[in-house]
Amino acid sequence: MSDQKFPEHLAIEKKFPGSVFDWHAQHGDRTLIIDAARSFDILKFLHDDHGYNVLVDLTGVDYLPRKPRFEIVYHLMNLSTKARLRVKIQSDELHPEVASVTPLFPIANWLEREVWDMMGVKFSGHPDLKRLLLYEGFEGHPLRKDYPLQHRQPRIGPKDQ
Amino acid sequence: MRKFNQPSTNGGHQFDPGAALHGQIMTTQFDKLLGWARKYSLFQYPFVTACCGMEFMSTACSHYDIDRFGAAFPRFSPRQSDVLWVVGTVSQKIAPLLKNVYDQMAAPKWVVAFGACASCGGPYDDYSTVQGIDLIIPVDIYIAGCPPRPEAVLDGLLKLQELIQNTRQVTP
Amino acid sequence: MTILDDRTIPTPVSETVPEFHEQEMMLNIGPSHPAMHGVIRILAKLSGEHVIESDIEIGYLHRAFEKHCENTTWNQAIIYTDRLNYVSSCINNVGYCMAVEKLLGIQLPPRGQYIRTMLCEISRVADHLTCVGAAAMELGAFTVFLYMIKGREYCYELIEDYCGGRVTPNSTRVGGMPYDLPEGWLDKTLWTVKEVREIVRECDIMLTYNRIFTERMRGIGIMSPERALGWGWTGPCLRSTGVAYDVRKDYPYLVYDQLDWAVPVGRNGDNMDRYLVRMEEMEQSCRMLEQCVARIPGGPVSSSDKRVVLPAKKDTYGNIEGLMNHFKLIMYGHGIRVPEGEAYFAVEGGNGELGFYVVSRPEEQATDGCNDRAWRVRVRPPCYNFTAAIPEMINGYMLADIIPTFGSINMIAGELDH
């Protein structure tokens, strides 16, 4: 892998100095780890000025026992140049709020709800952050590493009982 | 005293319960008749959730043809169907609805657990899958497979038909 | 901006005849509903027959795919990928395996790649046949459904001849393929292609110029390309809006760049265009299959990397090195060691870009001494994006339009809810 910083990285460093904490291009996937506090502005900059108009995926990874524990991973794509970029934000357990990107990408509405549901990371500014894949009475966030796979939740009964 | 099923010996002018009752074994035959009618005109409610639905579709279509056993027409209202085919994984979220659907069906009703997930949870031993629908509703036939081949589905259907035939239909 | 502005909703009766009291009705469609292709719930607020507002509730088939992948070995997770988009299962298998192979840095030999390509295209044909067949059935064309399922049976027979499974084939392994092609499989593929083409032609005659079908599909469920990209659409639905994005052409993998085929693109982004794009894609898949059959080379089907691929049975039972190799890959506590890292790999699924994001942390993942499993596997389901955009596609239309719109996006609950 070359040590050359790629153009988006340089542009972000120029506009938002000190916001890129780390970067790599392992296996050809260009990745940036950015400051959570300025994540919305950086993603908006990538969307408006660099043509990354498709949010391919938004997901969370739990890196327990490392601190910061959670990483929110955005996969972006520029459809005209066919460039892909991965942007990661690190977020810890006590203050896991991250800015919502729903104004930029409508699909982020559901993707962020899923990350909240599975990982327990809150997104500030989200219009309606409620569970997506699991039912309302479910306790816990199953994709966290300390949630066992075979945990049994109490069964819910029919709604009229 | 004459036994019931012996013919009368006095010329046949008075009422003879033995002769009259000779044809009263009709009840058993009626049972069989009703069983025969019910098993060959099953209306299914396909509660399809997952991958087994693909094999359900294959069984219902021309290659394997469930219609030759009389079980072609799905009735998409539980009130109008006899057999509840639970096809695919039942998650905790949909379990109360399954119970609702089962409760809405009118007797006589049967339940077929189609596939490994409906029978016992299948490969999904986790926080969100019900480990077999018999935890929620009574099941008559379990069809194993992931997903079961259409031949296995037809085998399950034939066993269900045998079950229906041999069940007492007319309650006293 | 929305369709609601353009379409006139008739004056409610209560305004003209005061003794009729009319109010909006909340209708619940699903989750157990024949037209819902599985389990999903649409809540629609209706004013008469028109849908004013709607909401979708999903998650009724959440089966913890991602959590299971963290608790099973790299090869065992393949069975869970089968059950994602269960109509085109081989594509999920290939996508996951290629993501892991990207982390491992290995590539299959040409014959293995051709076999994977052929399995993907056969699965894609099966997916489109099911989607179009089910959508047509819901509009009343039951014959089309029967014909298309007949075609799908031929595809299933092909996959079954290869690896034994019809719907859930488990047809690839990390680093290779489990088997070589059986004898006569290539000829059977050509026969299947001929049959599928005939079926597609017949169904095309029955549907495409049929007023009953076109009146219900044309101009319904329109999505503009800009909004579609905002919703992250990919695959046939995006191509129906006019954007020519196909992962096989734009980020080629396997042998797609060596084959001669075209990407069908629609114009209006309505249900009819989605149907037409799928029909044409089946034809393109048939073309690709014929070319693969003609060009497939001989040779091994799996990578020669001993740390990943099982040895041949004659070595496992024949010599001590093969036995040790087999042992180190199979026994509990051993297995494939994927180096630390993360990778995203996208393939063109039946619905669009099916991406797998795989994170490996071998040092941390050791449980009971096993670090032969993933730290995190994330599936990027293509139909997630279409389903999220459904409210936008049905608001302003009539109640009966929900059915063809929902049928045309090919929502597969296994993939949507993973």
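User: What should I know about numbering and thresholds before I start?

Analyst: Residues count from 1 along each chain as its sequence is written, while chains are lettered from A and ligands numbered from 1 in the order in which they are written. The model is predicted, so local features need pLDDT of at least 70 and side-chain atom pairs count only at pLDDT 80 or more, whereas totals for chains, interfaces and linings use all residues.

User: What is the confidence of chain B?

Analyst: Where pLDDT is low, the predicted coordinates should not be read in detail. The score is the predictor's confidence in each residue, from 0 to 100. Chain B averages 85, and 83% of its residues score at least 70. Among the elements of chain B, helix α1 (residues 17–22) has the lowest mean, 68. Strand β4 (residues 141–143) of chain B has the highest, 95.

User: Which helices and strands make up chain A?

Analyst: Elements are DSSP runs numbered from the N terminus: helices are H or I with at least four residues, strands are E with at least two. Chain A has three helices and seven strands. Along the sequence the pattern is α-β-β-α-β-β-β-β-α-β. The C-alpha atoms of chain A fill a box of roughly 60 × 30 × 25 Å along the principal axes.

User: What is the strand order in the sheet of chain A?

Analyst: Start with pairing: two strands pair if DSSP finds at least two bridges between them. In chain A, five strands form an open sheet in the order β1-β2-β5-β4-β3, with mixed pairing. β1 (20–24) and β3 (54–62) of chain A stand at the edges with a single partner strand each, so one side of each has no neighbour in the sheet. Neighbouring strands are turned by 20° against each other on average, direction ignored. β1(A) and strand β2 (residues 31–34) of chain A run antiparallel, joined by four bridges. A:Trp23 stands opposite A:Leu32 in β2(A).

User: Which helix packs on β1, β2 and β5 of chain A?

Analyst: Contact here means that C-beta atoms, placed from the backbone, lie within 7 Å. Angles run from 0 to 180 degrees between N-to-C directions, with axes fitted to C-alpha atoms, for helices over the stretch in contact. Helix α1 (residues 7–15) of chain A touches β1, β2 and β5 (83–91), and its direction makes about 175° with that of β1(A). Helix α3 (residues 108–119) of chain A lies across β3 and β4 (70–78), at about 10° to β3(A).

User: How do I read the packing of α6 and α7 in chain C?

Analyst: Two packed helices are described by the angle between their axes and the distance between the axes. The axes of α6 (residues 110–138) and α7 (residues 142–163) of chain C come within 8 Å and cross at roughly 160°. That makes α6(C) roughly antiparallel to α7(C), a label for angles over 145 degrees. The crossing is left-handed: the near helix is turned anticlockwise from the far one by less than a right angle. Contact residues include C:Leu119 and C:Ile122 of α6(C), and C:Phe142 and C:Met148 of α7(C). By class, the contact has 19 nonpolar, three polar and one charged residues. Ala, Val, Leu, Ile, Met, Phe, Trp, Tyr, Cys and Pro count as nonpolar, Asp, Glu, Lys and Arg as charged, and the others, Gly among them, as polar.

User: How does α6(C) meet α13(C)?

Analyst: The axes of α6(C) and α13 (residues 271–295) of chain C come within 9 Å and cross at roughly 155°. Again, α6(C) is roughly antiparallel to its partner, α13(C). This crossing is left-handed too. The contact residues divide into 13 nonpolar, three polar and four charged.

User: How many residues do chains B and C bring to their contact?

Analyst: Chain B gives 28 residues and chain C gives 25. On the side of chain B, α3(B) gives the most, with five residues. That side divides into 16 nonpolar, nine polar and three charged residues.

Conventions: Angles under 35 degrees count as roughly parallel, over 145 as roughly antiparallel, 65 to 115 as roughly perpendicular and the rest as oblique. Two residues are in contact if their C-beta atoms, placed from the backbone, lie within 7 Å.
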